[in-house]
Amino acid sequence: MAHKEELGQLMTLEQGKPLKEAIGEVSYGANFVEFYAEEAKRVYGDIIPATLPDRRLFVIKQPVGVVGAITPWNFPLAMITRKVAPALASGCTVVIKPSEFTPLTALAAADLSIQAGIPPGAVNVVMGNASEIGDALLASRQVRKITFTGSTAVGKKLMAGAAETVKKVSLELGGNAPCIIFDDADIDVALKGTLAAKFRNSGQTCVCANRILVQEAIYDKFAKAFSKAVESMEVGNGFGEGVVQGPLINDAAVLKVESFVQDAVSKGAKILAGGKRHSLGMTFYEPTVITDVKSEMLLSREEVFGPVAPLLKFKTEEEAIHMANDTNAGLAAYIFTTNIQRSWRVSEALEYGLVGVNEGLISTEVAPFGGVKQSGLGREGSKYGMDEYLETKYICLGNMS
């Protein structure tokens, strides 16, 4: 990838994530382009045995049409390639509406697509007023598909708006990911996986561990070790050596984190690490660990989208599953255990589209990504992601005797 470094630098400047993470996102995003370039060869149809001797029945796949892709700021490159690559592979053209916070990465990606040989007009970027662009995409009868990654509230509005012209819709919405740590877990593995699942991109991902559920027998031990690890995290400019956490995206994000922490403390939670704005100022916030968190607190009910790790205590496997599923969200979940039977039981019982077992970073271009309940519709990535951009047509040939 000739432009990996430049794209990573642009992303760090525009979005704030550490340069190592940004370059990692470039590689991750490029993987979708490569995967779907190959997957385009495998858009198979079907031949159906006919019920009458003079008929031949066929199924073919055809592109759905023009796609409106509305993408977020937290992964400003990968969320574009994860949508655009399968759309192009299916034969669709795309209109991208990137986040107003990260337009430059989108423009760079579009420019590189032309340099790579994609015909002008196949990939388009529109910037400006988000609601006006969204309304135009929804109202257009030429746009036959909307794909969106972002908040559940906006996803619901898009879904309602798409009903007017009955567009195909795929939505990757907010999460409230539980990270369940059983007392038979390998603590070192659980620490490493939970840190990765919680603090990547400063906690600003929809698959971040939003609630860390720890079995009571190891709760204090885990809390102490986890807090020690969090306190050693280097916060700063994304171009700094050793920096693993950059700033939050804007002031509104910091105010939201502060309100969630204040709500928890006012209801009896205790801050073990962090808990306030970082001394660097601006939109930097200290990596934070909070204990004695209860299910009625905002930290448990809603997505904090910041570097705050709430620790909740549970007694039994059944209680952990109940706590984990007690939410309208259903995107990602994580469990840590060395018991193979338990890993299967709990994975199947969790009402989530993605489950990581003894691993905190599970996204890959070869596996389907998407949620259940109010975390969205459809899947991105893998062979299943192609279906979102294809229509299935049945053809009957008669009088073939």
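I count a contact as heavy atoms within 4.5 Å, and helices (H or I, at least four residues) and strands (E, at least two) are DSSP runs numbered from the N terminus.

Housekeeping: this is a predicted model, where local features need pLDDT of at least 70, side-chain atom pairs count only at pLDDT 80 or more, and totals for chains, interfaces and linings use all residues. Residues are numbered from 1 along each chain as its sequence is written, and side-chain values use heavy atoms, with hydrogens and water left out.

**Helix α4**

An α-helix has 3.6 residues a turn, so residues three or four places apart point the same way. After α4 comes G117, with a positive phi near 110°.

**Strand β6**

Next I went to β6 (residues 143–149) and found six of its seven residues buried. I see β3 (residues 66–70) paired with β6 in the parallel sense over five bridges; pairing takes at least two DSSP bridges between the strands. I70 is opposite F148 of β6. β7 (residues 168–172) also pairs with β6, parallel, over five bridges, and T149 has E172 in β7 as its bridge partner. From β6 I followed the chain through helix α6 (residues 152–162) to β7, a right-handed β-α-β crossover (with the strands pointing away from the viewer, the path from the first strand over the helix to the second runs clockwise).

Note on methods: Buried < 20%, exposed > 50% of the residue type's maximum accessible area, 1.4 Å probe, protein only.
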